[in-house]
Amino acid sequence: MYLFMLEDYPYLMTPDHVAAFTGTTGQEIRKLLGRGEMQGCRIGIRRLVPKLGLLNYLYKGRREKEGDANEEAPLRQAL
């Protein structure tokens with residue numbers, strides 16, 4: 001579901017892109033990146049989040065509710 005919604009976004013998104021998509025702030029996304037709760041990379045002083053990193057974060061809560069048995073199923077369905 002999310003994959004189709006992310007179609008218009010670049011593969012490597014800035015924290016502000018992610019914030020616009022999730023309805024939070026760029027600062028909150030940077031905090032998630034800093035704590036390692038969301039996958040991302042740093043290029044120079046810029047932090048970037050690949051679409052897959054965002055999808056993993058979004059599906060993380062869902063996997064925790066469903067348990068470890070279906071851990072990768074939602075991501076496979078999205079791809």
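Some ground rules come first. Residues are numbered from 1 along each chain as its sequence is written, and side-chain values use heavy atoms, with hydrogens and water left out. Because the model is predicted, local features need pLDDT of at least 70 and side-chain atom pairs count only at pLDDT 80 or more, while totals for chains, interfaces and linings use all residues.

The protein chain has five helices and three strands, taken as DSSP runs numbered from the N terminus (helices H or I, at least four residues; strands E, at least two). Along the sequence they come in the order α-β-α-α-β-β-α-α. Of the 79 residues, 32% are buried, that is, under 20% relative accessible area, with exposed over 50% and partly exposed in between (1.4 Å probe, protein chains only).

As for the inside, the largest nonpolar core has 13 residues, and Leu 6, Val 18, Ile 29, Met 38, Val 49 and Leu 54 touch the most other members. Such a core is a set of buried Ala, Val, Leu, Ile, Met, Phe, Trp, Tyr and Cys residues joined through side-chain atoms within 4.5 Å. Helices H2 (15-22), H3 (26-35) and H4 (51-66) each put in at least two residues. Beyond its neighbours within four places in sequence, Leu 6 is in contact (heavy atoms within 4.5 Å) with Met 13, Phe 21, Lys 51, Leu 54 and Leu 55.

Helix H4 also holds Asn 56, which counts as buried because its relative accessibility is 16%.
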